[in-house]
Amino acid sequence: SASANGGVHMPVRLGMVGGGQGAFIGAVHRIASRIDDRFRLVAGAFSSDSARAKASAAEFGVEEERAYSSYEEMARAESARPDGIEAVSIVTPNHLHFGPAKAFLEAGIPVICEKPLTARLEDALELQAIVQASGGLFVLTHNYTGYPMMRQAREMVAARELGQIRVVQVEYAQDWLTERAEDSGSRQAEWRVDPQKAGAAGALGDIGTHAFNLVSFVTGLTLESVAADLTAFVPGRRLDDNDHVMLRFAGGAKGMLWASQVAPGHENGFSLRVYGERGALGWHQEQPNHLWFTPFGEPKRLLTRNGPGARASSTRVSRIPSGHPEGYLEGFATIYREAADAIEARRNGNSIPPGTLFPTIDDGVEAMRFIDACLRSSAQDSRWTRLRSDP
Ligand code: NAD
């Protein structure tokens with residue numbers, strides 16, 4: 001397909017780990033990878049169950065010989081093929097990000113990985129060291145950073161339209177774990193409440209990391225310390241399903257983060273509000289094409305995607321005129337498009353196009369530090385806890 005600058009793109013040959021029949025996010029990745037015609041799915045280790053892996057490959061149009069029964073085998077075989085994959089998407093449960101990410105990075109294959117980066121901070125740091133040493137490409141799918149209105153918000157904050165940032169309120173509330181969905185056959189619930197698979201955090205890792213990442217993306221603030229109160233409300237559950245976290249940022253800004261999966265009435269209730277000396281921004285994920293901007297002392301303004309006042313970084317990632325809704329899949333696709341731009345730039349020896357903003361391994365490590373600090377704080381009766389021990 002032709003690019004905006006008139007160049008011609010050769011689709012990136014993509015492999016996938018996880019995402020077989022019955023999985024949730026793998027299907028989203030496949031759609032996102034196709035929206036801008038920049039990828040072609042040619043290989044996969046789609047499931048830990050090899051019959052399901054083969055059946056999934058057939059359904060997804062992947063040749064039988066490239067339907068692998070393990071990611072290790074896939075990394076070996078694909079890196080030896082002249083037409084081997086040029087990127088891999090890792091869409092397995094949290095404890096199965098590290099192994100595949102390491103295997104593909106070591107095989108020299110760029111990685112597009114789901115969040116949270118890993119189940120343990122040590123693993124995240126090891127992956128970061130591998131990426132740094134190898135110069136490998138690592139894209140983390142904190143997909144909410146792909147929304148045009150979040151790019152807009154980021155650009156407005158950076159242009160100091162709000163002045164110095166004082167307060168950040170972020171909440172990510174869902175209700176699907178209000179009862180024991182893990183006992184009624186939800187595969188998605190089962191591993192999320194299991195510390196062996198999800199890691200030491202429940203809702204905090206699952207959605208709290210998105211909230212933390214989006215705050216960092218939009219405001220550019222560095223989180224210094226947290227006071228966290230993590231709770232597992234549902235009887236018998238071993239991981240948190242509701243989290244209250246106070247935030248202190250470098251430079252004096254303060255914030256509060258609420259993540260909950262036991263909040264009836266909330267489907268994907270992800271909201272971000274940022275307040276500065278001169279004004280405020282507000283956004284809600286379920287109305288993703290709208291951003292409220294209130295310059296202090298003036299009437300509120302409803303900014304719309306691709307509408308009047310749209311900033312360059314926002315229109316750059318919009319696909320259709322204002323008024324037609326774009327949302328979750330398109331935001332996800334923007335991360336994929338930027339990944340394709342980066343892979344192609346490497347292929348051709350060019351630099352990554354300016355304005356490319358996909359989340360990286362460093363964002364993943366930062367979110368793991370956030371989780372780790374919250375766990376330490378909550379275990380000490382919500383005591384203020386620094387993300388890093390060095391002052
Ligand atoms: P899921 O349970 O629906 O899917 C997991 C898939 O991994 C299944 O296909 C399973 O068969 C496969 N799998 C398990 N072990 C495997 C192995 N050894 N080899 C190959 N495949 C294996 O889970 P999900 O809800 O799709 O979540 C997967 C990941 O995506 C998690 O890390 C989650 O945090 C993340 N996620 C991100 C978002 C987002 O918005 N960015 C949304 C949902 C989930």
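Leaving aside neighbours within four places in sequence, histidine 97 is in contact with Ile90, Thr92, Cys113, Glu114, Leu117 and Thr118, two residues being in contact if their C-beta atoms, placed from the backbone, lie within 7 Å. This is a predicted model, where local features need pLDDT of at least 70, side-chain atom pairs count only at pLDDT 80 or more, and totals for chains, interfaces and linings use all residues. Residues are numbered from 1 along each chain as its sequence is written.

Histidine 97 sits in the loop between E3 and helix H4 (98–106); helices (H or I, at least four residues) and strands (E, at least two) are DSSP runs, numbered from the N terminus. With 28 other C-beta atoms within 10 Å, histidine 97 is buried. A residue counts as buried if 20 or more other C-beta atoms lie within 10 Å of its own, as exposed if 12 or fewer do, and as partly exposed in between, with C-beta atoms placed from the backbone. Glycine 18 is 79 residues away from histidine 97 along the chain, yet their C-alpha atoms are separated by 9.9 Å.

Now for the ligand. It is surrounded by 25 residues, and the closest are Gly18, Ala23, Phe24, Ile25 and Glu114; to be included, a residue needs its C-beta atom, placed from the backbone, within 6 Å of the molecule. By class, this shell holds 10 nonpolar, 11 polar and four charged residues. Here Ala, Val, Leu, Ile, Met, Phe, Trp, Tyr, Cys and Pro count as nonpolar, Asp, Glu, Lys and Arg as charged, and the others, Gly among them, as polar. Helix H1 (25–34) and helix H7 (187–192) each put at least two residues into the shell, and H7 has the largest share, with three.

H1 has its own buried residues, namely Gly26, His29, Ala32 and Ser33. Seen down the axis of H1, these fall within an arc of 120° (taken from the directions from the helix axis to the C-beta atoms), so they line one face of the helix. Their cover includes strands E1 (12–17), E2 (39–45) and E3 (87–90), along with helix H11 (328–348).

Stepping back, the chain is assigned domain 1 (12–143 + 339–360) and domain 2 (147–321 + 365–385), with bounds from an automatic or database domain assignment. Their centres, taken over C-alpha atoms, are 26 Å apart. In all, 18 residues of domain 1 are in contact with 19 of domain 2. The side of domain 1 that touches domain 2 has nine nonpolar, seven polar and two charged residues. Both domains give residues to the shell around the ligand, so the ligand lies between them.
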